[in-house]
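Please read the following account alongside the sequence and the model.

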Amino acid sequence: MSDYSLKTIMNKPERLAPGHRMCAGCGATIGVRAVLRALHEGDHAVIGNATGCLEVSSFMYPYTAWEDSYIHNAFENAGATLSGVETAYRVLKKRGKLPEDTTFKFITFGGDGGTYDIGFQSLSGAMERGHDMVYVCYDNGAYMNTGIQRSSATPMYADTTTTPVGKKSNGKMQNRKDLASIIADHNVPYVAQTTLTQNFEDIHRKSEKAIYTEGASFLNIMTPCPRGWRYDTPDIMKICKLAVDTCYWPLFEVDHGKWILSYEPKKKLPIEDFLKEQGRFKHLFKKGNEDLLEQFQAEVDRRWEDLLYKCAR
Amino acid sequence: MAIKERMSGNEAVSYAIRQINPDVMPAFPITPSTEIPQLVSTYIANGEMDTEFIPVESEHSSMSAAIGAESAGARSLTATSSAGLALMWEELLLAASNRLPLVLALVNRTLSGPININCDHSDGMGARDTGWIQIYAENNQEAYDNFIQAYPIAEDDRVHLPVMICQDGFITSHAVENIMLLEDAPVKEFVGEYEPEEYLLNPGKPIAVGPYAVSNYVMEAKKNQEIALENSKEVILEVAKKFYKISGREYGLFEEYRTEDADYIMLIMGSAAGTAKQAVDDLRERGKKVGVLKLRVFRPFPAKEIAMALRNCKAVAIMDRCESYNGNGGPLGSEVNAGLFRNKTMIETVNYIYGLAGRDFTVGDACSIFAELEDMIVNGKEIEQYQYVRLRK
């Protein structure tokens, strides 16, 4: 978008009101606000939400931080729940029970636990059926709400409370699942991966595209969690930039089947630059663990090459 | 003008769904309820109704999507059986606690294991404390009639609770029997338009559904829900009265069959009530004073009314088509006994478990049970207070 202006979009009315109970510096909240800024003024929305930090902190009876209609159902069914809401919209419009000039958009948020793991089937079903909705995963790489347990989005070797580092453990044993690719393989109209970087232009552009592309869309947003990742809270933008510049978290989109790389760092930084900022990877920098770092780098490189290949096709 | 037809219970419920033409139906196939989404899909495909059907990927998602649609302001429903109901258990609680008047057509089938597709009430009984109104049918006619009454009960301002319309798998759902159908217009008029007060898609008034509530609020929410369930009893009766006017068929919380002077009563739910009634007719011819109390509304449980109805008999056979593994009898047995005690109706009861996973229950079985009750009262014979019928020894 050539006419992007951070100042202009930041002046739009907030659709997630302040006063919610999320942690100071929480990446999820920053991500949610960025997505909601992409809604055109005058358009209504119904926001869905899987159980998680965002839900328990933003809608605690009798208070809600959401300016739009909002529904939380359970942990594993944000996809199915919003597909019901979206279907209701279509049928009520068809039957003349909603004003014709009223536009509603459907956006649901889930953490990586509610999206990659327990809500995976419900998400897959909603995407496959092609409901006109956006599923947004705010991926902070663990079950942060319940106290930092590993999920299938947790990166290898991360120290979590169910993959604790110890004498006989180097943290999580497995690589993270590549959910954006899996949803892209559902052949939905639009899938994108983004994070909080580049003056929010990338996330804004992709959110707008996801919301206003007809059919099912999926956004995977890396939203750092200062508690779970153990970095200095004000450093969130630096962490996001390092994730992108090390190619740990590449920015890309899959638009009607076409893979497009959104950003290629001029100089790909070594993965250590991203890992060393975070307490959850502290053990990787102990003497004798050099091979673990090498393995981590090899996996980042392999995935990056694979992405470049997909985008060059 | 009523329409005389022959259909199965699944066909009858699907016919009612077509007549009501609700807004949204998410569903997932499971035996023996599968025909309902199939038939509805066929009606839609042929342009005979225009409900939006969502072919979801599980029953958990069918109830989740129904909750989403109903919250959004659309009249919604689904159908399921057995494991499907078990899978949506979490969502059943949410449908009720969010006070959503949606309807579920339950075709009763046993729960695993061993896995088996035939009828018993273990699925419905497993969901008995989820906050849903539960109405059971003896045959296809009742399944049809109950379904037509479901939305007016659920959507009543005093209720706002979901309703489960239950029929026995295969025995009712698949057996073809005579039925009197209503014309489309009176059914549509009876059910009316759904006019929710608060809904997600109200552009002028956004709402939030499904909050976290701290302990300070939860008990009041639960109590309000309980009051609504209690209120539903009178609404169920009011709706039945209105339904009588368009159909000529009477419904209550339960049906009393030849109980007025009965010494021995069989309390039973579902299709086996027909078998029990035949036994009563046969025994009455031989001069035995026996009757049947067929429970229609299991939730809310009409404990007081049941106690009143049973107070003059000598002994009751409480028939459970479900083992509840509480070590003390079936669910109906426990609730009826508690209800009798609370209402100071001290009569003898025996709790029989019968018909699990489609095991036959015959007129002869019912006659033997009446004979056993009589033997207990007249000859003082001691009998087991909790026993299985037709158990292979």
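Which residues in H1(B) meet which residues in H8(B)? From H1(B) come Tyr15(B), Arg18(B), Gln19(B) and Ile20(B), and they meet Asp184(B), Val187(B), Lys188(B) and Val191(B) in H8(B), where contact means heavy atoms within 4.5 Å. By class, this contact has four nonpolar, one polar and three charged residues (Ala, Val, Leu, Ile, Met, Phe, Trp, Tyr, Cys and Pro count as nonpolar, Asp, Glu, Lys and Arg as charged, the others, Gly among them, as polar).

This is a predicted model: local features need pLDDT of at least 70, side-chain atom pairs count only at pLDDT 80 or more, and totals for chains, interfaces and linings use all residues. Residues are numbered from 1 along each chain as its sequence is written, chains are lettered from A and ligands numbered from 1 in the order in which they are written, and side-chain values use heavy atoms, with hydrogens and water left out.

Helices (H or I, at least four residues) and strands (E, at least two) are DSSP runs numbered from the N terminus. H1 covers residues 9-20 of chain B and H8 residues 184-191, and their axes lie 8 Å apart at an angle of about 70°. Axes are lines fitted to C-alpha atoms, for helices over the stretch in contact, and angles run from 0 to 180 degrees between N-to-C directions. The two helices are therefore roughly perpendicular to each other (65 to 115 degrees).

An open sheet of nine strands with mixed pairing has the order S12(A)-S11(A)-S9(A)-S10(A)-S6(A)-S5(A)-S1(A)-S4(A)-S9(B); two strands pair if DSSP finds at least two bridges between them. Its edge strands are S12 (258-261) of chain A and S9 (208-209) of chain B. Four bridges join S11(A) to S12(A) in antiparallel fashion, and Asp255(A) stands opposite Lys258(A). Helix H12 (residues 290-312) of chain A lies across S11 and S12 of chain A, at about 125° to S12(A).

The largest nonpolar core has 90 residues, and Tyr144(B) is one of those with the most contacts inside it. Such a core is a set of buried Ala, Val, Leu, Ile, Met, Phe, Trp, Tyr and Cys residues joined through side-chain atoms within 4.5 Å. Helix H7 (residues 140-154) of chain B gives the largest share, eight residues. Among the residues that Tyr144(B) touches are Tyr15(B), Gln19(B) and Val187(B).

His283(A) is found in the loop between H11 and H12 of chain A. At 7% relative accessibility, His283(A) counts as buried (under 20% relative accessible area, 1.4 Å probe, protein chains only).

Note on methods. Parallel < 35°, antiparallel > 145°, perpendicular 65-115°, else oblique. Buried < 20%, exposed > 50% of the residue type's maximum accessible area, 1.4 Å probe, protein only. Lists of a residue's contacts leave out its neighbours within four places in sequence.
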